[in-house]
Amino acid sequence: MELPDFMSYANKFSQSEFTEKIARIAKRAGAKLVYAALILYYTLQSDKVSKTDKAIIIGALGYMISPLDVIPDAIPIAGLTDDLAVLLYVLKKVWTGIDPDIVEQAKSKLSRWFDEDEIAEMGDIFDPEE
């Protein structure tokens, strides 16, 4: 699957729309997508991350927020797989700039929305088989 130019979605990103979308799709999307999105969201707020990485993150989060993407979000389950693919791709690109405290912050937030079993089910966010 070839990823679209998700930088064209950068203008779709806003903090309020991100929070609204995450809250709305949390249970439907699953812990893996939400966790990846939260790590990127908190990384975006760090002053230790380059402007280039921030631009990439904004593009990916904008893509996730946008209802107009490769597989429309309205299609159950499948509609979120492209969002997850984009988020994981960007996470891999910017991973060296992600502070371990950000990962913990994302895990803490995740535990407010999901129970322990749902979090355990998500497995390794970089393993597509899980």
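Visitor: Is E104 buried, exposed or partly exposed?
Guide: In this predicted model, E104 is partly exposed, with a relative accessible area of 47%.

Visitor: Which side chain does E104 meet in a salt bridge?
Guide: That of K107, at 3.9 Å from N to O.

Visitor: Where do E104 and K107 lie?
Guide: Both are in helix α5. They sit three residues apart, about one turn of the helix.

Visitor: And K107, buried or partly exposed?
Guide: K107 counts as partly exposed, at 39% relative accessibility.

Visitor: How many salt bridges does the structure hold?
Guide: Two. Besides the E104 and K107 pair, the side chains of D99 and K48 meet at 3.2 Å, N to O.

Visitor: Which parts does the D99 and K48 pair tie together?
Guide: D99 lies in the loop between α4 and α5, and K48 in the loop between α2 and α3, so the bridge ties together parts that are 51 residues apart in sequence.

Visitor: Is K48 buried or exposed?
Guide: K48 counts as exposed, with a relative accessibility of 62%.

Visitor: Back up a bit. How many helices and strands are there in the protein chain?
Guide: Six helices and zero strands. Read from the N terminus, the order is α-α-α-α-α-α.

Visitor: What share of the residues counts as buried?
Guide: 43% of the 130 residues of the protein chain.

Visitor: What about the largest nonpolar core, how many residues has it?
Guide: That core has 39 residues, and F18, L61 and L87 are those with the most contacts inside it. Two or more residues each come from α1 (15-29), α2 (31-44), α3 (51-65), α4 (78-94) and α5.

Visitor: Which of them gives the largest share?
Guide: Helix α2, with 12 residues of this core.

Visitor: Staying with α2, is T43 buried or exposed?
Guide: T43, in helix α2, is buried, with a relative accessible area of 0%.

Visitor: How far apart are T43 and V94 in space?
Guide: The distance is 9.1 Å, C-alpha to C-alpha, although the two are 51 residues apart in sequence.

Visitor: Now T19. Where is that found?
Guide: T19 is in helix α1.

Visitor: Change of topic, surface charge. Which residues gather in the patch of negative charge?
Guide: D115, E116, D117 and E121 gather there, on the surface.

Visitor: Where is D115 placed?
Guide: D115 is in the loop between α5 (100-113) and α6 (116-122). With a relative accessible area of 42%, D115 is partly exposed.

Visitor: And E121, buried or exposed?
Guide: E121 is exposed, at a relative accessible area of 65%. Its place is in helix α6.

Visitor: How far is E121 from K32?
Guide: The C-alpha atoms of E121 and K32 are separated by 8.6 Å, while along the chain these residues are 89 apart.

Notes. Residues numbered from 1 in each chain as written. Predicted model: local features only at pLDDT ≥ 70, side-chain atom pairs only at ≥ 80, totals over all residues. Heavy atoms only, no water. Patch = residues over 30% accessible without salt bridge, like charges linked within 9 Å, V, L, I, M, F, W, Y side chains within 5 Å. Areas by Shrake-Rupley, 256 points an atom, 1.4 Å probe, with all protein chains shown as cover. Salt bridge = Lys/Arg side-chain N within 4 Å of Asp/Glu carboxyl O. Lys, Arg positive; Asp, Glu negative; His and termini not counted. Charge placed at Lys NZ, Arg CZ, Asp CG, Glu CD. Helix = DSSP H or I, 4+ residues; strand = E, 2+ residues; numbered from the N terminus. Buried < 20%, exposed > 50% of the residue type's maximum accessible area, 1.4 Å probe, protein only. Core = buried A, V, L, I, M, F, W, Y, C linked by side-chain atoms within 4.5 Å.
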